[in-house]
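Please take me through this structure one question at a time.

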Amino acid sequence: MKKLKTDWFSKARFGLFIHWGLYSMPARHEWVRHIEKIPQEDYQRYFELFEPDLFKPKEWAQMARDAGMKYVVITTKHHEGFCLWDSKLTSFTAVKAPGCRRDLLREAVEAFRAEGLHIGFYYSIADWHHPEIPIDKVHPDRINAVKQNKKRDLKKYNEYMCGQIRELLTGYGKIDVFWFDGCFPWAREDGRKDDRWDAANLVKMIRSLQPEILINERLAGGAVPAPYEIDIKTPEQAVPDNGVRDDGGNLIVWEGCQTLSGAWGYFRDELTWKSVDDLVVMLIQHVSRGGNMLLNVGPTSRGEFDSRAQERLKELATWMKYHSRSIHGCTVSPEWAKEPENCRYTYNPDTNRLYAHCLVWPYSSLRLPGMAGRIKYIQLLSDCSEIKFHEDCDDVIMELHGQTSLSSILKVPRPVMMRPNVTIPVIELILK
């Protein structure tokens with residue numbers, strides 16, 4: 001079988017998303033400039049006072065690796081326009097910020113790469129700081145859009161964007177993923193679906209600099225067909241029931257991006273944080289439908305993952321320690337494997353093993369539809385202890401309790417198999 005450049009990505013299955021910028025200072029959502037219509041002159045105070053004195057990227061990388069993540073995607077520049085790297089095309093960078101004076105992106109890349117993680121760059125097409133980008137319906141200065149847009153030249157912004165992308169792809173070694181975002185109404189508010197930033201030639205440049213790089217679909221601006229070859233589809237805050245498929249029903253490479261809470265950037269007072277149970281189930285759902293999960297953390301302005309994020313990552317690390325082989329390298333199960341009640345299957349085609357993730361623990365028995373004649377051995381993944389089973393017509397029934405015969409007339413009940421003390425129990429089916 002021909003090796004595809006997406007193979008590593010589809011085996012990784014779990015990545016870390018990082019949204020970090022000046023919006024971590026007001027700590028009221030990464031869209032704070034839009035929500036509160038903050039003028040650039042007022043937002044500038046965050047640039048003047050940004051001081052990430054507790055930034056230790058090695059700790060970030062270790063937490064990601066321990067949690068079973070295989071790659072990272074970090075915001076080089078979000079919609080606010082602030083750059084985490086030493087861009088020569090603007091002074092609105094971490095290196096020029098008086099309280100920072102550091103290339104935060106370089107430090108992060110080096111730390112994650114040292115832990116063996118693949119590197120991805122997020123880049124926002126929208127840029128609320130740049131004086132030439134057209135003002136749209138979500139721009140902080142949208143009240144004055146018509147008047148201001150007469151003076152703006154999109155061609156100049158495109159040259160700036162192209163130059164910045166060239167900086168990112170020539171100054172930080174091999175980059176595995178380029179994750180575009182921020183395709184907002186100024187590109188399609190007249191009803192068109194096109195790309196005013198010349199996506200086809202931009203992608204051509206990107207691939208000339210980094211031939212193996214994976215590019216998501218968001219640069220296409222919704223144009224059908226897309227003006228370039230899309231490597232990854234990136235649905236947001238949802239898990240498609242049947243994965244992401246092409247017009248012929250074939251599964252394509254996809255990655256769902258998810259938040260720990262209700263925001264991508266650091267939001268101090270956000271209360272809707274997902275539990276570790278929620279996060280593990282979400283990860284299982286993604287992999288069982290043939291996709292990756294990119295889980296986001298928004299660091300504080302001092303450069304730390306806040307305590308809630310650290311707690312979740314630590315709990316994920318505990319579950320992944322025992323169950324990572326039901327995630328890494330796995331995908332949707334074969335068509336003949338019908339999922340049991342309250343379970344989700346993942347399947348590793350290289351090892352020919354099927355994993356039943358028990359969203360509800362079946363204390364008595366678990367029936368596996370249509371599995372008769374297919375199973376060699378069954379074990380609980382957390383400790384690899386045997387689970388007995390027998391066949392019943394076309395099905396397999398796992399014996400989670402039963403009786404032991406001491407003689408022809410004396411039978412002793414065996415205890416019900418206890419629910420394993422893990423977030424979501426996983427049963428490993430070794431197939432014939």
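This is a predicted model: local features need pLDDT of at least 70, side-chain atom pairs count only at pLDDT 80 or more; totals for chains, interfaces and linings use all residues.

Me: Is His-19 buried or exposed?
Reply: His-19 is found in the loop between strand S1 (14–18) and H2. Helices (H or I, at least four residues) and strands (E, at least two) are DSSP runs, numbered from the N terminus. Buried means under 20% relative accessible area, exposed over 50%, and partly exposed in between, with a 1.4 Å probe and protein chains only. The relative accessible area of His-19 is 3%, so His-19 is buried.

Me: Which residue has a side chain joined to that of His-19 by a polar contact?
Reply: A polar contact is a pair of N or O atoms within 3.5 Å; within protein, one must be able to donate a hydrogen and the other to accept it, and residues adjacent in sequence count only if both atoms are side-chain atoms. Leaving aside neighbours within four places in sequence, His-19 is in contact (heavy atoms within 4.5 Å) with residues including Thr-75, His-78, Tyr-122 and Trp-264. The side-chain polar contact, at 2.8 Å, is with Asn-296.

Me: What is the relative accessibility of His-78?
Reply: His-78 is placed in the loop between strand S2 (71–77) and H5. Not counting residues up to four places away in sequence, His-78 touches His-19, Tyr-23, Glu-30, Trp-31, Tyr-122, Ser-124 and Ala-126. His-78 counts as buried because its relative accessibility is 4%.

Me: Which residue has its backbone oxygen 2.9 Å from a polar atom of the His-34 side chain?
Reply: His-34 lies in helix H2 (residues 32–36) and is buried, with a relative accessible area of 18%. Apart from neighbours within four places in sequence, its contacts are Trp-128, Lys-137, Val-138, Pro-140 and Arg-142. The backbone oxygen at 2.9 Å is that of Val-138.

Me: Is H7 roughly parallel or roughly antiparallel to H8?
Reply: The axes of helix H7 (residues 154–170) and H8 come within 10 Å and cross at roughly 15°. Axes are lines fitted to C-alpha atoms, for helices over the stretch in contact, and angles run from 0 to 180 degrees between N-to-C directions. Angles under 35 degrees count as roughly parallel, over 145 as roughly antiparallel, 65 to 115 as roughly perpendicular and the rest as oblique. H7 is therefore, relative to H8, roughly parallel.

Me: How is H4 placed relative to H5?
Reply: Helix H4 (residues 57–66) and helix H5 (residues 104–114) have axes that come within 8 Å and cross at roughly 40°. That angle makes H4, relative to H5, oblique.

Me: To which residue's backbone oxygen does the side chain of Arg-207 reach?
Reply: Arg-207 lies in helix H8 (residues 199–209). Not counting residues up to four places away in sequence, Arg-207 touches Lys-5, Ile-213, Ile-215, Glu-229 and Asp-231. At 3.3 Å, its side chain reaches the backbone oxygen of Ile-213.

Terms used: Residues are numbered from 1 along each chain as its sequence is written. Side-chain values use heavy atoms; hydrogens and water are left out.
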